[in-house]
Amino acid sequence: MRLPRFDCFDPRTVEEACARLDAHAHEAKICAGGTDLLVRLKQRLDAPRALVNLGAVNALRDIQFDAETGLRIGALTTLRAIADSPPVRAHYPMLAQAARAAASPQIRNQATLGGNLCLEKRCWFFNQSQSWRQARAACLRAGGAQCWAIQSADVCHALVVADTVPALIALRAQVVITSSRGARTLPLDQLYAGLGNATTRLAPNEILTEIRVPAPLPNSHGVYLRYSTRPAIDFALVQVAALLIREEPDGVCREARLVVGALAPTPVEAQQAAAILNGQRFTHDVVAAAADAAVKEVKIVPHIFLEPAAKRRLARAFLAEALQQVMRDT
Amino acid sequence: MKEWIRLRVNGSDHDLIVESHWTLLDVLRENLGLTGTKRGCDTGECGACTVLVDGLPRNACLVLARSAQGCAITTIEGLARGGELHPLQLAFQERGAVQCGYCTPGVILTAKALLDHNPAPTEDDVKAAIAGNLCRCTGYVKITEAILAAAEKMNHDGASIVRCKATDRASSIVARQQVKDALSQRRAINEHAVVGQSLPRLDGLLKVTGQAQYVGDVRLPGMHVGKILRSPHAHARLVKVDISRAEKLPGVKAIMTGRDVANVRYAFVDTPRYSADEHPLAVDKVRYIGDEIAAVAAVDEETAEEALSLIDVEYEILPAVFDPEKAMQPNAPVIHDADYEGASVWEEWGAQRTPTSTARYGYNNISGQTTVEIGDVARGFALADHIRTDRFETQVTAHGALEPHCAVAHYEPSGKLNVWLSSMSVFYKRYILAKALGLATSQVHVHSVYVGGAFGGKIDVFPYEFCAAYLSRQTGQPVKIELTREEVFVTTRQRHPMIIELKTGVKRDGAIVAQKVKLIADNGAYRGTGPVVIFLAHAFNVPIYRVPNFKYTGYSVYTNNPIRGPQRAHGAPQIRFAMDSQLDLIARDLGLDPVKVMLRNAREKGDVLPNGDVLESCGLKECITRAVETSGWREKRGRAQTGRLRRGVGISACSMFSGAPFYPFASAAAVQLHDDGAITLFTGTMEMGQGAETTMAQIAAEELGIELADVRVIFGDTELAPIDLGNFLSGGALVTGKAVQLAAADAKQQLFKVVSEMLEVPPEKLTARGRRIFAGDPKIGMSFGEAVRASILRNGGNPVMGRGYYKPLPDTDQYPSLARAKGRFTPAYGYAAQVAEVEVDTLTGEVRLVQVTTFHDCGFPLNPLIVEGQIDGNVSMGQGQALCEDVILREGQVFNPSFLTYALPVSLTQPRAARGEVASLEPKGPFGAKEVGEGSIAGMLAAIANAVHDAVGVRLTSLPIAAEKILLAQNARAG
Ligand SMILES: Cc1cc2nc3c(=O)[nH]c(=O)nc-3n(C[C@H](O)[C@H](O)[C@H](O)COP(=O)(O)OP(=O)(O)OC[C@H]3O[C@@H](n4cnc5c(N)ncnc54)[C@H](O)[C@@H]3O)c2cc1C
Ligand code: FES
Ligand code: FES
């Protein structure tokens, strides 16, 4: 399976990369680790004239931690480096869990955090080879008139399924976005465009350059869990990130953040479920009520082999499990 | 964009001109000829292409070659520095961690990176490290063991390199010898010197060094690339196929369409009753999504792909049907409307084609029917104390061999066709290809290559193979067609999904008195092996339990789904799932132990099956009892549990043929004895991971009293090796093995004649052992080499060659009838019993396979290490089929044609394996050996389903047993 032809540029600095993107406007694609982009190109889901390869922009590769200001991760840091990073493991274990949960060891050695956050939305009717897609009319995402995932829908229902997203949303991460006109910062949950063809709100000439995570809060603990058919390689079918901040010494929950991913086009923060937990001491009943409430807050997109009801059952089970783990671990 | 790049590979710099869109994998394989880096998927899902980039494993198929500049790249070829093997390479070869070898280079490199970073890994560390390397053959068991052993050895030796030249043959024999010496301590007490020993494989060194050649590695000068245009519609009439635009594309060398080959027709089943229904390219209709329409040969892959997009096809869409039960209805669309007539490719062997008509079955779209009636079912049910009726459904599964199917064809001007094929029987493929191309059989030369896993999926002759040959004839140049992973999933056969309605009547003690089976197998758009699988589902089941009154009706049905074909134990997993699931339910109904019920009904040595097959060896009961004892069944079954994680055990049994009579009717073998005491063994068998090269060599060595290292094997080549049935229906050990033994015995007799004259003792008094031929005392006699030289000198220079052949069921000249299951099936049956222990997470519904205990009766284990490897592979495939593998189809379209979405088991889910052998010594087999390669997948499904029931009280009658189904069933039970 050959890649399509393209030109390739290797800027060495962010400025150079921005200049390249400006010069090639809509015809260029950013390539970070390439673990997703190259597959998409082989499947002819994209046909950019040029790739702007960030591999040589070494400034975007490091992880810095400061107990006051928190964590800063360069967009080109690999998932492996994050999973193995001592400060990440010590202060943000759920991020390490999420980074380690993705794909396979080989891919994690190459996949970047920036690429993971910008991973295009996926759908069983879209992420297929060119010849496969020819067996049906083009879907909305491919420029056609119909959504195959939900046939009555007039807007694309592909899903954000990248593993680090729910965990980083629960951690209230911000992303730094850079273009030739300067840099801006955005809370991560606002990066995603929701329903429709676009995955993120990035303009074609913008680069996600850095991820910032606030300093860890005292007495907080988070867990990231996912369900997939196999414990490696597969994308998640259900993702849950649960973060609890408790009051000492009585252990009452001060703030709960529950983020559920891979069910709806973008991860959903379950506010009502969090409200159930807030101010409560943990019992199995409270956990069960929160898990029940959380899955009711999400409008679940049907999956090719999992009915929404089945996904809901699984999501509920994994939420309950995540909350129990948080309870156990703290 | 072409550009110069410099790559540092295995320590040396290479300056190359590459296109910016070429991947590191493309460049390593095609530009640098480093074909030890394998292409399994090309999309980052399998790890076969793993290389080390600055010491870390990466998938070379997802790295742009130009981006790898400035990095140190290590491929498998670079591991054996200066020809010295890495301890991992030795450990893999020594411990049976290599089977087909296609995953091996990638796994070894991944493991090297692990050991470089973590010299003393735990078992869990190893499993986590190799989680991105798929292996279909080994179930990861021996791979994990080998990595741990290498780590231990490296820490112990304090050196990372052991002295052993990999490249030159003589010292690789030394290496083998060293390895063997180490293993000889573990040798079982065994009257034999070479067979029955866990000797390292002969092909191991080639595979751990990346030197083993597979079809995809064959490179010929001037080779064109072929690609196939396939139907995007499940059922349509071809109105127009216009190639005029494509022909004009520069670089296109030849294009063929159905019109060019309209009179070519063949099929796996081509009998008087069922005439062949496949054309190499669709002529008037396409019948499934993926059906072949046209083929192109061009100068490179890019051009071939572009040409396909320039072929204009106009379709008239026809109504399609995907559900076999709907396809059987009178108003269903008819998929094969014309009756096929004309000569059969088997005409020369006495077969006539008669028109096929589906009308006679009373249903629509029937491609085959098998009916068996034994005793009186109505009377039997009247005698029963308890009757159960259940319906079971099995899913579509894929073979998942890591090597994608590939063909290279080179037509010589003389009219000779050379082909390199991913195959399981070179002589069967040669015959069909020759007939289809209108060539004499002997004009087709199938060359020997290693096969990267097959599992039944490489038996059929496929259109791409025909097209490669045809296009090579058109262009006069070699043509290679390598299928993409998606094409492999969709167009190279899948396992038949089945609907099985089962009614069983038993006495109070569990004795079966009557059984009625209705089975429907969806064979997809072409007959494939439909009529065979419904026959085999019966034939692999009947040797297990005695059922006095039995009625079986099997239908194979056409639908517009992809074509189904043989897959490991062809038909057995489905029927065994149904039978032993139901038996477990019956035992529960009656309050009996299922083991007692199995033993109450199990067949024994000496039983005669309804078709006349005699069980001259049968270790079924012993397999059951020993699996039960070893697994701790009694303590584990029926535990009262209340926690979140609950465990359960289940059991099932299975049986398998050891070869059957079909073309070319017998397997032959030859040995040539060299004057230095070594021998060459010529056999037509295939080495696809199952270890035939090694076990056949062991048989020859044993018979001649020499060592394994003295045997060189020429295999799988239609010009260099004598005829062979090939490797399906598990005939390898018994049939080919017997031929090899007879060939060696023939040569031995010649030597004995000479030696007896020289020593003046009668030949019956002579023994060949330990590389000597002697009478009584090994000191009185001569070395094997001396005997060979003496024979040559005393017989006018006549070299010593032996030949032998074996035909399964030599006294029967009739094939079994597929429709009536009459006539003898096989010389012997292999047996297995399996106990599975699972742990079910009641919160999430996830099932973890904790342990599998398999006892297998393979007659006699010719090489226990290889036998264990076969069982591990079966267990892993069975685990996949029971728990996670499922080809998802909607309107005939495969939604998961990739290793990312079709879930082969990974290292992390590998269960603990306990395996044992029951040596029942089959009198017909070489040294008592019979089948081992297929059977033990078939017991896994019911064993797991029964174990899940034991754990959480949930019964699933459809596969796979996925978490969501368990949650659903639990919710339903909770009300
Ligand atoms: C077999 C397989 C299994 C996988 N399993 C998982 C999984 O389980 N979980 C998971 O999350 N992912 C999975 N992936 C997807 C992918 O590997 C990861 O998401 C990875 O993190 C993507 O990172 P990358 O650097 O390789 O991205 P790239 O492929 O380089 O880029 C991905 C996308 O992001 C854009 N992009 C990249 N970097 C930037 C940036 N800095 N600024 C703006 N845009 C950018 C690119 O243009 C592209 O559209 C899998 C992939 C494969 C092949
Ligand atoms: S070929 Fe690269 S991962 Fe499969
Ligand atoms: S040995 Fe691993 S795939 Fe065959």
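Which backbone nitrogen lies 2.9 Å from a polar atom of the side chain of Glu687(B)? In this predicted model, the backbone nitrogen in question belongs to Ala692(B). Glu687(B) itself is placed in the loop between strand 23 (679-683) and helix 20 (692-704) of chain B. A second polar contact of the Glu687(B) side chain, at 2.9 Å, is made with the side chain of Arg201(B). Beyond its sequence neighbours up to four places away, Glu687(B) touches a set of residues that includes Asp203(B), Lys207(B), Tyr450(B), Val451(B) and Phe715(B), together with Arg201(B) and Ala692(B). The relative accessibility of Glu687(B) is 0%, and the residue therefore counts as buried, the limit for that class being under 20%.

When residues up to four places away in sequence are not counted, Arg219(B) touches Arg29(B), Glu30(B) and Gly33(B). With Glu30(B), a polar atom of the Arg219(B) side chain lies 3.0 Å from the backbone oxygen. Although Arg219(B) and Val408(B) are 189 residues apart in sequence, their C-alpha atoms are 8.7 Å apart in space.

The surroundings of ligand 1 comprise 36 residues, of which Ile30(A), Thr35(A), Leu37(A), Thr112(A) and Asp163(A) are the closest. Because the residues that surround ligand 1 come from chains A and B, the site is shared between chains. By class, the shell consists of 20 nonpolar, 9 polar and 7 charged residues.

Backbone atoms of chain A approach polar atoms of the ligand at several positions. An oxygen atom of ligand 1 is found 2.9 Å from a backbone N or O atom of Asp36(A), while a polar backbone atom of Leu208(A) lies 2.9 Å from a nitrogen atom of the ligand. For Ile233(A), the distance between a backbone N or O atom and a nitrogen atom of ligand 1 is 3.3 Å. Of the 960 Å² that ligand 1 exposes when taken alone, the protein buries 97%. Strand 2 (28-31), helix 7 (113-117) and strand 8 (207-213) of chain A are the elements that give two or more residues to the shell around ligand 1.

Notes
Residues numbered from 1 in each chain as written. Chains lettered and ligands numbered in written order. Predicted model: local features only at pLDDT ≥ 70, side-chain atom pairs only at ≥ 80, totals over all residues. Heavy atoms only, no water. Near = heavy atom within 4 Å. Polar contact = N/O pair within 3.5 Å; in protein donor to acceptor, adjacent residues only side chain to side chain. Areas by Shrake-Rupley, 256 points an atom, 1.4 Å probe, with all protein chains shown as cover. Helix = DSSP H or I, 4+ residues; strand = E, 2+ residues; numbered from the N terminus. Nonpolar A, V, L, I, M, F, W, Y, C, P; charged D, E, K, R; others polar. Contact = heavy atoms within 4.5 Å. Buried < 20%, exposed > 50% of the residue type's maximum accessible area, 1.4 Å probe, protein only.
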